[in-house]
Amino acid sequence: MMPTFASHLDALGQWRADTDARLAALARFAREHDLLDDASAEWFEAMRHRLSGEKLMVAFVAEFSRGKSELINAIFFSDKGRRMMPASAGRTTMCPVELGYDAEDPVGLSLLPIETRLEAASLAEYRRQNAAWTWIDLDLSDPDGMAAALGEVMRTRLVTQDEAARLGFWDDQRPEDNPPLQADGRIEVPVWRHARINLPHPLLKRGLVVLDTPGLNAIGTEPELTLGLLPQAHATVFILGADTGVTKSDLAIWRDHLCGPALARYVALNKIDSLVDPLSSPAEVQQTIVRQCESVAQTLEIPANHVFPISARQALAARLSGDAAGLAQSRLEDFELALSEGLLPRRRENLAEAATQGAVQFQHQLTRRFGEMRRLYADQLAELRSLRGKSSGKVQLMLQRVQMEANEFEQCTARLQALRMVHARMLKEALRDLSAERLRHEVEALQQVLGGSWLPLGARKAFIELCARLRGLVELAQERSDEIHAMLVASYAKLNAEFGFSLVADAPLDVRRYTEDLSLIERNYVQYLGLSQAFRLAQPGFQEQFRRMLVSRLRVVFETVSNDIELWSKSSSAQVDSQLRERRRNFKRRYESLDRIQSAASDLDTRLQDVQAQDERVMQLQNRLNVLVDDLLVQAREDRLGMADSSMGRFDGELDLPESQHRADLPA
């Protein structure tokens, strides 16, 4: 059987778990042998958290009655023996639904009332307020009961036109987007603003988050969905009806919300089974499907091979009944393969690159440290061997020399203190323009434009200028980071020459790559600052949501740059303290050895053996370090995703029952 998206994601999850295990072994080795400094410990913790906790969001977007929920059922929940997400004729999902898993939260359904739209708090803030959500338990052993509970996302109620306007579902300026009026003049609106489903499904445990969005009306009226969740999704699946093609409302969703750049975009032309005509031959039906795909590609201005004809209903029925022929006719496996190959390898490559770069840097750091230790041991061995047959007076002279060398070496502390002060000052300057305060100051200029007129026609220009200034701040941080590196290179060279250190500055840090993240944010958000969005952006509520979401996205980038610079600086300077401690220990050991030898001549051979044993131990640590790092590099570079078909036997596709003690979670 062809590998599915589920089996590919399971393979990625297993790769992450195996890579995390190698990282854990490397960190444990360093900790057990007192080789882990604070900077390296922070990196190990951050990298392991990224491997085990980073989420992968796939957003499904469509107008109602396009088969979106049925497609989610076919891809993710066919193992339950029935439909889990509500899927029927007409409108089903009425509010955005997130499916994910957090082991710290109980299994169940959380629902945020639609009335929270009247408050100033954002969806992100409500996530931290459990009391604001309505909670429904889900019984994993009762699929029918779970399906009934999940039907809650379909609930609606009737409100007056004024209340609909306050909730954001009615806009006199955009009558084409307004829902139909009922016979009594009232308007149907969803009961819930947002839904979160926490399920211990194997795919969700692997970090997958599925975002099921309602149609155009909800997308356009929920700023946080439009400005927050959709731009952050790693992949977007846009579902169209094969029988309808691209309708006016479909095109509006695509142009207003999805046509910007994204990590991966897919168009699923669903319901190809509806094109089957008893009066047409299979070849003629196939020609109709091909023409419809070409028409969709031309309308959306995308390559034809980015449009995937499928039948979600046929695929779900085939998987529930084990019908391989029906599954092949549904063409779902081709779409799943494209989704897997377009999204998962890049994710694995990014994680692998981060893990291997950090591990190799840590290896180089310890290798330098081991080299310094072996050099000191070699000096000590030469010193001890020179004492064979010498008088006690000679030993006394060597004691005095060691004490004098130690006193001279301690003069470096003043230089090191000056180096730390200069380094701290330069680091503070590098981080100054990356602070949250500076970011708020920069966003204020855009906010002034947005609030300056009813139709903020200058917002687009102001936003582009803002992004250019922010990229300039990152570039300035890069220049200051380069200055720190140049200062460390020069200072280390002097310390090495004057005091016998073996300091080597780490490779320069590259934070310029984060300007691409800012450019991506610019491309994703600038579409909301055009004339087509001017009326909506003029609304105070939308403006505030736009500002909140924009600042949140930008803050993530700036905090990442700051953290990278701080961690790099700690790592670069940590070797100074390490070598300083090692040199002091060595002076102490040399003095104690000579002192004992002076007291008892028989101690000379014993001390020689001790120093040789310590040198051999360092060699063993070096060999063990190399083995652990090599294991990690081999694991990180393993093409686990290409082996997804062999992992299918390991993927059980079942939800964990409450009484089960099995834990498939990744190590924390």
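This is a predicted model: local features need pLDDT of at least 70, side-chain atom pairs count only at pLDDT 80 or more; totals for chains, interfaces and linings use all residues.
**Overall**

Of the 668 residues, 52% are buried. I also looked at contacts between residues at least 6 apart in sequence, and 83% of these join residues at least 24 apart.

**The sheet**

In what order do the strands of the open sheet lie? I read off S4-S3-S7-S2-S8-S1-S9-S10-S11, which is 9 strands with mixed pairing. S4 and S11 are the edge strands, and each of them pairs on one side only. On average, neighbouring strands of this sheet are turned by 20° against each other, with direction ignored.

S2 (residues 97-100) does both. With S7 (residues 192-198), S2 pairs in the parallel sense over 4 bridges, and Val 97 stands opposite Ala 195 of S7. With S8 (residues 208-212), S2 runs antiparallel, joined by 3 bridges. On that side I found Glu 98 opposite Leu 211 of S8.

Which residues of S2 point which way? Val 97 and Leu 99 point one way, while Glu 98 and Gly 100 point the other way.

**Helix H1**

I checked the length of H1, residues 5-32. At 1.5 Å a residue its 28 residues should span 40 Å, and the end C-alpha atoms are 40 Å apart, so the two agree. Is H1 mostly covered or mostly open? It is mostly covered, since 21 of the 28 residues fall under the 20% relative accessible area that defines buried. After H1 comes Asp 34, which has a positive phi, near 55°.

**Residues with positive phi**

I found Glu 301 in the loop between helix H11 (282-300) and strand S11 (307-309). Its relative accessible area is 72%, so Glu 301 is exposed.

Arg 331 lies in the loop between helix H13 (324-330) and H14. At 24% relative accessibility, Arg 331 counts as partly exposed.

**Helix H3 against helix H14**

At what angle do H3 and H14 pack? I have about 80° for H3 (residues 68-76) and H14 (residues 332-385), with the axes 12 Å apart. That makes H3 roughly perpendicular to H14. From H3 the contact takes Leu 71, Ala 74 and Ile 75, which meet Leu 332, Phe 335 and Glu 336 of H14. By class these residues are 5 nonpolar, no polar and 1 charged.

In general, residues three or four places apart in an α-helix point the same way, because there are 3.6 residues a turn. I kept this in mind for the spacing of Leu 71, Ala 74 and Ile 75 in H3.

**Helix H18 against helix H19**

I took H18 (residues 459-499) and H19 (residues 514-525) as a second pair; their axes come within 9 Å and cross at roughly 170°. H18 and H19 are therefore roughly antiparallel to each other. On the H18 side I listed Phe 463, Ile 464, Cys 467, Leu 470, Arg 471 and Val 474. These meet Thr 515, Leu 518, Ser 519, Ile 521, Glu 522 and Tyr 525 in H19. By class, this contact has 8 nonpolar, 2 polar and 2 charged residues.

**Ala 131**

Where is Ala 131 found? I located Ala 131 in the loop between helix H4 (123-126) and strand S4 (134-137). Is Ala 131 buried or exposed? With a relative accessible area of 83%, Ala 131 is exposed. I also checked Ala 131 against Leu 112: the two are 19 residues apart in sequence, and their C-alpha atoms are 9.8 Å apart in space.

Notes. Residues are numbered from 1 along each chain as its sequence is written. Side-chain values use heavy atoms; hydrogens and water are left out. Helices (H or I, at least four residues) and strands (E, at least two) are DSSP runs, numbered from the N terminus. The expected span of a helix is 1.5 Å times one less than its number of residues. Buried means under 20% relative accessible area, exposed over 50%, partly exposed in between (1.4 Å probe, protein chains only). Axes are lines fitted to C-alpha atoms, for helices over the stretch in contact, and angles run from 0 to 180 degrees between N-to-C directions. Angles under 35 degrees count as roughly parallel, over 145 as roughly antiparallel, 65 to 115 as roughly perpendicular and the rest as oblique. Contact means heavy atoms within 4.5 Å. Ala, Val, Leu, Ile, Met, Phe, Trp, Tyr, Cys and Pro count as nonpolar, Asp, Glu, Lys and Arg as charged, and the others, Gly among them, as polar. Two strands pair if DSSP finds at least two bridges between them.
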